[in-house]
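Student: I would like to learn how to read the packing features of a structure, one feature at a time. Could you take me through them in turn?

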Amino acid sequence: MSDAWDLAHEAASAAGVELRPLVSHEDGERILAVLHATWGDHEPFPREILRALADSGNVPYGAFAGAETVGYVLGWAGVEPEDGLHVHSHMLAALPDRRHRGVGYALKLAQRAQALGQGIRVVRWTFDPLVARNAHFNLSKLGASADRFERNHYGEMTDSLNAGDRSDRLTVRWDLERPPGPRVVEAREVVLAVDGSAPGPIRAPTGPGAIVEITPDHAALRASDPALARAWREASAVALEACLGAGLVAAAFDRDRSRYLFAERDGEIR
């Protein structure tokens, strides 16, 4: 068994689950059950597509606690000018009572091991830059970086997590040959900071490192103060565009201070 699979199974054991490939019609029902528990009234994912993914070598993986499916990850092989062959990771989810317990980490490591076994060295996916816990997971826990940003990437979304909010997204690049884990990034120039509870003035980055602060709980802010949440959505978009436009990438996330640390795009970050 490869070192990558050893790491994935160790993480699964620590989370109290077992990793299994999802390839059958019944497995499609398992995925849909977790999907609905995560995103609520979400556009259903056709069961035949799930089977087609497995048939084409893009096998989803599930996390099982006994007979219960408590999480899954799915994606597919893609090709693009910059990265060539890579995995596009489209969905990662765990049941509400299993979140923040290592299930998602084990599933991402399974995806990593599967890709490496197929000769694929890069995984990409998108996430909402204002969800601090996801930024921490992607950049610190996994050690990915974010090198692209687009406003309203998916257009209007209707699921319970995203309805009524602009679907801004950062795109992650995960170098699978690098061991999972955080980078040490020195960044001192503040591009966007919290001023009280509101976003402060935005400054264009001029050096090799930059800081973009966000609110620690955007979902709670949306519920308590929608206007302030919209102000953060707009300010963060301007700040992220400024950093990426200056040739920087989001290389780390400081969870304690809820801030992105940007660094120059170089061989280490890539």
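Tutor: Let us begin with two tryptophans: W125 is buried, and so is W174, where buried means under 20% relative accessible area, exposed over 50% and partly exposed in between, with a 1.4 Å probe and protein chains only. This is a predicted model, in which local features need pLDDT of at least 70 and side-chain atom pairs count only at pLDDT 80 or more, while totals for chains, interfaces and linings use all residues. Residues are numbered from 1 along each chain as its sequence is written, and side-chain values use heavy atoms, with hydrogens and water left out.

Student: How many aromatic pairs does a search of the whole structure find?

Tutor: A pair of aromatic rings is described by the distance of the centres and the angle of the planes. Rings of Phe, Tyr and Trp (for Trp, its six-membered ring) pair if their centres lie within 6.5 Å, and planes under 30 degrees apart count as stacked, over 60 as edge-to-face and the rest as tilted. By this rule, the search of the whole structure finds 4 aromatic pairs. In one of them, the ring centres of W5 and Y61 are 5.4 Å apart and the planes stand at 45 degrees, so the pair is tilted. Because W5 lies in helix α1 (residues 3–15) and Y61 in strand β2 (residues 61–65), this pair ties together parts that are 56 residues apart in sequence. Helices (H or I, at least four residues) and strands (E, at least two) are DSSP runs, numbered from the N terminus. W5 is buried, as is Y61.

Student: Which kind of pair do the rings of W125 and W174 make?

Tutor: Their centres are 5.8 Å apart and their planes lie at 90 degrees, so W125 and W174 form an edge-to-face pair. With W125 in strand β5 (residues 122–127) and W174 in strand β7 (residues 169–175), the pair ties together parts that are 49 residues apart in sequence. The ring of W125 also has the charged end of K108 sitting over it, 3.6 Å from its centre; a charge sits over a ring if NZ of Lys or CZ of Arg is within 6 Å of the ring centre and within 35 degrees of the ring normal. Likewise, the charged end of K141 sits over the ring of Y105, 4.6 Å from its centre.

Student: What does Q114 touch?

Tutor: Leaving aside residues up to four places away in sequence, Q114 touches W5, G57, V59 and Y61, a contact being heavy atoms within 4.5 Å. Q114 is found in helix α4 (residues 103–117), and at 18% relative accessibility Q114 counts as buried.

Student: Where do the buried residues of helix α2 fall when seen down its axis?

Tutor: An α-helix has 3.6 residues a turn, so residues three or four places apart point the same way. The buried residues of α2 are D27, G28, I31, L32, V34, L35, T38 and W39. Seen down the axis, they fall within an arc of 165 degrees, so they line one face of the helix; the arc is that of the directions from the helix axis to the C-beta atoms. These buried residues pack against β1 (18–21), α3 (47–55), β3 (68–80) and β4 (84–94).

Student: Which residues of the largest nonpolar core touch the most other members?

Tutor: A nonpolar core is a set of buried Ala, Val, Leu, Ile, Met, Phe, Trp, Tyr and Cys residues joined through side-chain atoms within 4.5 Å. Of the 75 residues in the largest one, Y72, V212, Y260 and F262 touch the most other members. Helix α7 (residues 226–245) supplies the largest share of this core, 9 residues.
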